[in-house]
Amino acid sequence: MIRSYFLLSLLTFLLTACNTEKQPRELFEQQQSGVCMVLNSYYYEIELPNGTVWYCSGIDEDGDLANFTLDRDEVLEHKAMATGTAFFIDDKGTLMTNRHVVSPVVSNDVIKKATSSLLKSLKEYAQYTQLEYAQQYEVLEEEKSKCYYIDYWGNYGIDRQRFYEIETAQQRLASDFNDAQIVVNEITGIDASRIKVRPINEIGIAYNDTYVTKIEDFIGNNPCVVTKISDSEDVDLATIQLKNKETPSDKYIFKIKGRDVIEKPFTEQVADLFGVKKNDNLQVDQDLIMIGFNAGLILGNTKQGIQAQMTSGKVSQLPDGSKVLYSIPTLQGSSGSPVIDRDGYVRAVNFAKLRGTDSFNFGIPEKQIINFLNQ
């Protein structure tokens, strides 16, 4: 009887001890230090087959090259910027985020297409100016005929000053026409498939509770390098690493459920010995919490420095292998945020919203996270 009571008490203890769920506020206070705001500052180099290099900061609303210039110093003053969220996953300064946060926002193909369109426009403009030069030349030719005259006594004469002015103007037009023809010939000879696009970007992070006022507060203080990018279209994941390869000692390191390097708490190890199993699979209506920087600096920048936000919701649709749907509201800037369960484990990485609503969003599920890290 005593033995049965002891076993029952032990089983009750184990079941209670295995319930490690915390209140969202507790989790936020514990883990917010491990979440960082990411800044991606970038521009593009476009090399034409003839060796000419153009620069731009991306694509504008009309689909054209934004801040197009031939001067590198000029594009450096107008670099594009994008922000997102990342979180520490080890003590070596490694952070996880989305691929689209740290890779160029615009694909090389889109830049090439806009470049080809610009080349076409430049060629058409050059041809149009040639037509104008030819018309102006003809007008001057008519003016030249008026320089000849017959004087009172019937002698032929010429206004040499005016004639010289007209010929000088015609020579300039002919030179401009030839220059335009060089442009036409040069563009005609360009093989668009040989245009090279090189995105040039710098990555930096800012810690929660710190002050940021300029790009250098990210890239100058905490520069990062991209260490891994998923090559799978369905897996929007990447890792970056602080250049000093050291996670600050006061920053929380997130744990990913099911990852090999994560050791089970003592109570879970004992529970396994007694066959007490907890369902680790995500369940519909299960509580999830996201910690990140919704709207980037717009919401994150406060009088106390940048502040991460906690948003919560429930699993709306089980993972289909590539994504999990949940009812956590998000805004742009939350890409790369950790989505955790009530035990504090990362169960997804936020990456996209359901178009037309801020209330349903998608995350890369845990299984894909582990596969990506183990590759």
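Visitor: What does K251 touch, not counting residues up to four places away in sequence?
Guide: K251 touches S33, F88 and Y207, where contact means heavy atoms within 4.5 Å. This is a predicted model, in which local features need pLDDT of at least 70, side-chain atom pairs count only at pLDDT 80 or more, and totals for chains, interfaces and linings use all residues. Residues are numbered from 1 along each chain as its sequence is written, and side-chain values use heavy atoms, leaving out hydrogens and water.
Visitor: Is K251 buried or exposed?
Guide: Buried, with a relative accessible area of 13%. Buried means under 20%, exposed over 50%, and partly exposed in between (1.4 Å probe, protein chains only).
Visitor: And where does K251 lie?
Guide: In the loop between strand 11 (238-242) and strand 12 (255-256). Helices (H or I, at least four residues) and strands (E, at least two) are DSSP runs, numbered from the N terminus.
Visitor: How many helices and strands does the protein chain have?
Guide: It has 10 helices and 20 strands.
Visitor: New topic: which residues touch the most other members of the largest nonpolar core?
Guide: F87, M96, L237 and I369, out of 33 residues in that core. The largest share, 4 residues, comes from helix 10. A nonpolar core is a set of buried Ala, Val, Leu, Ile, Met, Phe, Trp, Tyr and Cys residues joined through side-chain atoms within 4.5 Å.
Visitor: What else lies apart from that core?
Guide: Another core, of 17 residues, including Y42 and A80.
Visitor: How much of the chain is buried?
Guide: Of its 375 residues, 42% count as buried.
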